Amino acid sequence: MSNSSPGVFNGHSVTPLPATDEPPSPPSNIYNASSVAEIRATLIHLHQQEATVTARLDALVASQKDFSRELGRLDLLRAHLGSQTSTTRAISNGMLSDAAATADRISSAVRRLDLEQARVKATLQMVEQVSELKACVLGVAGSMGAPQDWEKAASYLKRASEVPADVVQGAFAAEMVPTAEVPDPPSVTLDNAAESLCGLFLREFEKAVKESNGAKITRFFKLFPLIGRSEVGLDVYGRYVCQGVAAKARSNLNTATAAQKDGFFYANTLTKLFEHIAQIVDGHGGLVERHYGPRKMNRVIERLQLEADVQGGIVLDTWSDERHIDRKLMDIKSYAFTFLVQSFLPPQRTTTPRSNSPATRDALEDEGVDMKEIDGLLNEMTIMLGRWSLYCRFLAETCNVSLP
């Protein structure tokens, strides 16, 4: 397509059309053009498309050189990669296979060495444990002999309890530990020593209780857990403190005179019982848990609670008898409500018959129920229940304290 003048089209002269304000839009197909203007517009549109396509082709041709250069580099890299692959395959089939076999042999040797080392450590540990066991057995026998050092004997038993049971009962210990002085197997020797010391500690504890020797009581109480007899120690200690609680409760109840038993005497007696037990729990709990372990005081508290039930029951039974509670309840039930209301009035004799009362008396002249006395009894009962509730909360908080 040549760049001819506007009046020439493919070598033919074209009569120009008159100019218009807006050029007509080119038809979708030149063959559908119906005028020279449409043909000219289509021609212009085709020129524009040609320019666009030519620019794109030029760009592609210009970039073809870069593509060729990159393809050349890729071919070169592929050649190098092929040679490297061949070299790597040769190394893998040659050098690395030998190195892998060598590494496997070294790993197997290391594993065997670790196994031997673990066995040596286990053997050394067993030898040390058996040596410790033998020292403890000889120490227990020596301390229980002429020196009679009960604390040292108990400490040796404590150390022996830390040796694993399978070592103590093993064949190696049975062969190495016995001596001419102590010929029995170590487990038998330790069990016999613990049983003997337990009996001795019990006798000494009871003797110290009878002598009211607090230092000796504490001394032998601390030795029971060292010989593996914690429950025995807690039980004998529980009996000891319960004896003190019972003696104190009987003293509070039996030494009072008749005049002292008026008012809130029994409520105060019950309060003293609860306070005494609370003081024991609060004052002795630290000693028990320090030598026996956390929450071991709960076992002693169980024994104390049984004693509290017994002594508290005695106080309540005595209160009921002294205050004639059963008779007052029977009298109250035998009166009509209207009659009881009159008891609030100043005391006076009345002949109002009882409602539903057994007619066993010839004369039904009775003094009315003293409501002030009943009010005093109710107040005393309220105090008792309040002290009991406070005591229960104290024990619940003490027994349920969280472990660290």
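Buried means under 20% relative accessible area, exposed means over 50%, and partly exposed lies in between, with a 1.4 Å probe and protein chains only. The legends below describe a predicted model, in which local features need pLDDT of at least 70 and side-chain atom pairs count only at pLDDT 80 or more, while totals for chains, interfaces and linings use all residues. Residues are numbered from 1 along each chain as its sequence is written, and side-chain values use heavy atoms, with hydrogens and water left out.

**View A. Salt bridge between Glu70 and Arg73 in helix H1.** A salt bridge is a side-chain nitrogen of Lys or Arg within 4 Å of a carboxyl oxygen of Asp or Glu; by this rule the count comes to ten. For Glu70 and Arg73 the N to O distance is 3.7 Å. The two residues are three apart in helix H1, about one turn of the helix. Helices (H or I, at least four residues) and strands (E, at least two) are DSSP runs, numbered from the N terminus. Arg73 is exposed, because its relative accessible area is 51%, and Glu70 is partly exposed at 38%.

**View B. Salt bridge between Glu195 and Arg229.** The closest N and O atoms of Glu195 and Arg229 are 3.1 Å apart. This pair links distant parts of the chain, 34 residues apart: Glu195 belongs to helix H5 (residues 186-210), and Arg229 to the loop between helix H6 (214-221) and helix H7 (230-254). Arg229 has a relative accessible area of 22% and is therefore partly exposed.

**View C. Salt bridge between Asp235 and Arg299.** The N to O distance here is 2.9 Å. Asp235 in helix H7 and Arg299 in helix H9 (residues 297-322) are 64 residues apart, so the pair links distant parts of the chain. Asp235 is partly exposed at 22% relative accessible area, and Arg299 is also partly exposed, at 32%.

**View D. Aromatic cluster of Phe205, Phe221, Tyr237, Tyr240 and Tyr292.** Rings of Phe, Tyr and Trp (its six-membered ring) pair if their centres lie within 6.5 Å; planes under 30 degrees apart count as stacked, over 60 as edge-to-face and the rest as tilted. A search of the whole structure finds ten aromatic pairs. One of them joins Tyr237 and Tyr240, whose ring centres are 6.1 Å apart with planes at 50°, so the pair is tilted. Tyr237 and Tyr240 are three residues apart in helix H7, about one helical turn. Tyr237 is buried at 3% relative accessible area, whereas Tyr240 is partly exposed at 27%.

**View E. Aromatic pair of Phe265 and Tyr266.** The rings are edge-to-face, with 5.0 Å from centre to centre and 80° between the planes. Phe265 is buried at 11% relative accessibility, and Tyr266 is buried at 0%.

View F. Ser320 counts as buried because its relative accessibility is 17%. Leaving aside neighbours within four places in sequence, Ser320 is in contact (heavy atoms within 4.5 Å) with Ile325 and Asp326.

**View G. Nonpolar surface patch of Ile30, Tyr31, Ile39 and Leu46.** Together these residues have about 400 Å² of accessible area, computed by the Shrake-Rupley method with a 1.4 Å probe; for residues, only the protein chains shown count as cover. Patches are made of residues with over 30% relative accessible area and no salt bridge, with like charges joined within 9 Å and nonpolar side chains (Val, Leu, Ile, Met, Phe, Trp, Tyr) within 5 Å. Ile30 lies in the loop between strand E2 (12-13) and helix H1 (36-143) and is partly exposed, at 33% relative accessible area.
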